[in-house]
Amino acid sequence: MADLQKENLLLEVLKNHFNDKIFDLKVQRHQRVHLRTTTEQIEAVLLYLKEKLGYKHLSHISCVDWIEENRFELVYILWHPEDKINVLVKVDVDRLNPVAPNIDYIWPQANTYEREMREMFGIQFPGLVGRKELILEDWDDLPPMRRDFDTLQYVMENFEFRSGREDAQNVRETIAKRTGEEIPEFAKKYSR
Amino acid sequence: MRKQKTTTIYLGPQHPGITGNMMVKLEVDGDTIVKAETHIGYLHRGFEKLMERRNWLQSFTIVCRICVPEPDPNEENYARGVEEIEGREVPEKARWIRMLVLELARIQAYLLWYGGQSASVGLYTIGQWSIGDRNYVLDLFEELTGGRVYHMYIWPGGVRRDLPKGFKDRVYKVMDYIEKRLDDYDRLLFDNAIFQKRAQGVGYIPPEKAIEWGVVGPPLRATGTKSDVRIDEPYEFYDQVEFVVPDFYKTSDVWARALVRRFEIRQAINIVRQVLDKMPEKGPVWNKIPNPHKWRIPRGDAYVKTESARGEFGYYVVSDGSQFPRRVHVRGPAYVHGITLLEKILVGQNISDVSMIMNSLGTCPPEMER
């Protein structure tokens with residue numbers, strides 16, 4: 001087990017600088033540090049990590065929909081090329097009014113991630129430039145990566161099943177009917 | 001003064017620079033690019049959404065389809081992410097087999113790259129050779145996993161089955177053969193005046209900006225930066241094998257990236273040999289998982305990453321304690337390389353060099369859109 005000296009030192013530096021503006025600090029394991037902050041502080045935290053501490057590489061920005069807790073969780077994953085630590089900075093965004101600061105002036109590639117989140121989760125980033133449509137086209141439904149977007153319902157409403165295959169919706173049953181076999185009891189449970 | 005006129009050219013969605021469909025909208029003045037804009041959306045399959053409705057084992061069959069030329073880093077990342085949240089141990093032999101698969105995948109990805117890179121400058125012979133030779137590696141995969149391209153082999157807890165009898169010997173033979181063939185490729189591609197003249201000085205990435213712009217993998221190493229996930233954060237048993245990370249090509253153009261890959265395919269062959277030598281003969285290859293329908297992963301999240309043939313390939317896996325993933329988010333190197341970076345470095349280049357630059361960055365639409 002590698003020692004966690006560098007990781008603990010980083011937490012101490014951040015704690016001294018930001019006091020109670022960051023919370024839930026934890027060393028998950030060797031080379032992984034988690035912390036949480038607020039949308040007001042996120043730019044300051046990211047800029048401090050990048051400019052002062054040398055977390056130059058933005059690996060990833062992710063978004064998780066915690067619908068039952070009424071929040072989106074944005075996760076900024078940074079990497080230090082010399083210290084070799086990944087920091088996961090998390091921030092909660094209100095699900096009913098999802099607005100988060102735009103950070104593409106810190107890292108240009110954040111632009112793509114934010115455009116994708118705007119499209120897939122409906123999170124607004126004030127001042128974000130770039131085409132409105134990244135992956136989807138003419139989309140006016142609920143943003144599709146939200147948990148309450150019903151994929152099956154969308155398919156039923158917008159697509160037609162190919163005609164002539166009405167009987168083939170349930171493969172196992174159809175085969176059984178055609179061949180006159182009986183479906184065993186254990187298989188019925190999983191047939192659909 | 002006459003107002004400068006530009007023409008708009010749509011390059012794609014089908015063109016030879018990449019594996020998949022993607023369009024680059026170019027504003028050109030004569031044949032010099034003034035502005036480039038990447039348009040994706042032709043290949044979106046919604047895998048991340050699909051995985052929310054599949055259980056942890058069903059999701060494993062989806063992840064390999066995210067990247068067509070190199071599916072194994074996906075499988076390994078997903079498996080390692082799940083194992084990290086759950087705290088599941090992986091048997092020693094399984095980890096060696098994973099390394100073997102990853103390195104074989106790197107070799108076949110580089111052989112495919114040889115074809116794409118040379119075809120983008122009009123040299124089609126190399127592609128026919130290297131893709132023919134790549135089939136020998138795919139034959140090995142077929143024997144080991146049952147699939148040639150999508151393997152579905154590395155799964156949570158280990159790998160799906162042990163090596164077949166006599167498999168090691170066949171891997172040694174294929175490695176010897178490919179190593180011999182690499183000299184032929186050198187003569188055809190790297191000694192070729194066409195490729196030398198066209199690749200040198202084209203597609204320059206400023207080294208001081210590279211890390212900030214999110215460049216990873218061979219393009220970053222071609223700026224003279226020593227960066228490799230296998231060294232920076234050794235996963236599996238990469239700390240027990242010896243290999244050199246090329247940080248001595250510093251010109252940061254298409255030529256340097258080609259040299260980095262040329263060097264690395266030889267390193268990968270060496271790693272495969274070391275893995276075969278060090279792999280234990282006997283032992284379990286799978287730490288059995290419970291009934292997949294009832295298999296719950298405790299609440300938690302993990303970011304795991306692999307060095308793929310195109311750079312850092314990361315997975316952010318989140319579990320909410322149920323038998324379905326809450327979120328599996330893929331960080332592919334092409335997501336940055338193919339959009340923001342490409343749009344930047346294409347400015348000032350020639351139209352005919354676009355597909356060459358895209359190929360040298362490892363642009364891969366299936367992995368951008370998931």
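In the predicted model, S118(B) is found in helix α4 of chain B, helices being DSSP runs of H or I of at least four residues, numbered from the N terminus. The model is predicted, so that local features need pLDDT of at least 70 and side-chain atom pairs count only at pLDDT 80 or more, whereas totals for chains, interfaces and linings use all residues. Residues are numbered from 1 along each chain as its sequence is written, chains are lettered from A in the order in which they are written, and side-chain values use heavy atoms, without hydrogens and water.

S118(B) counts as buried because its relative accessibility is 0% (buried: under 20% relative accessible area, 1.4 Å probe, protein chains only). Beyond its neighbours within four places in sequence, S118(B) is in contact (heavy atoms within 4.5 Å) with L123(B), I126(B), G127(B) and L189(B).

Helix α5(B), residues 124-145, has 22 residues and spans 31 Å from first to last C-alpha, close to the 32 Å expected at 1.5 Å a residue (1.5 Å times one less than the number of residues). Its buried residues, including I126(B), G127(B) and S130(B), pack against α3, α4 and α6 of chain B. Just after α5(B), G146(B) takes a positive phi of about 95°.

The axes of α4(B) and α5(B), lines fitted to C-alpha atoms over the stretch in contact, with angles running from 0 to 180 degrees between N-to-C directions, come within 8 Å and cross at roughly 160°. The two helices are therefore roughly antiparallel (angles over 145 degrees).

Technical notes
Buried < 20%, exposed > 50% of the residue type's maximum accessible area, 1.4 Å probe, protein only. Parallel < 35°, antiparallel > 145°, perpendicular 65-115°, else oblique.
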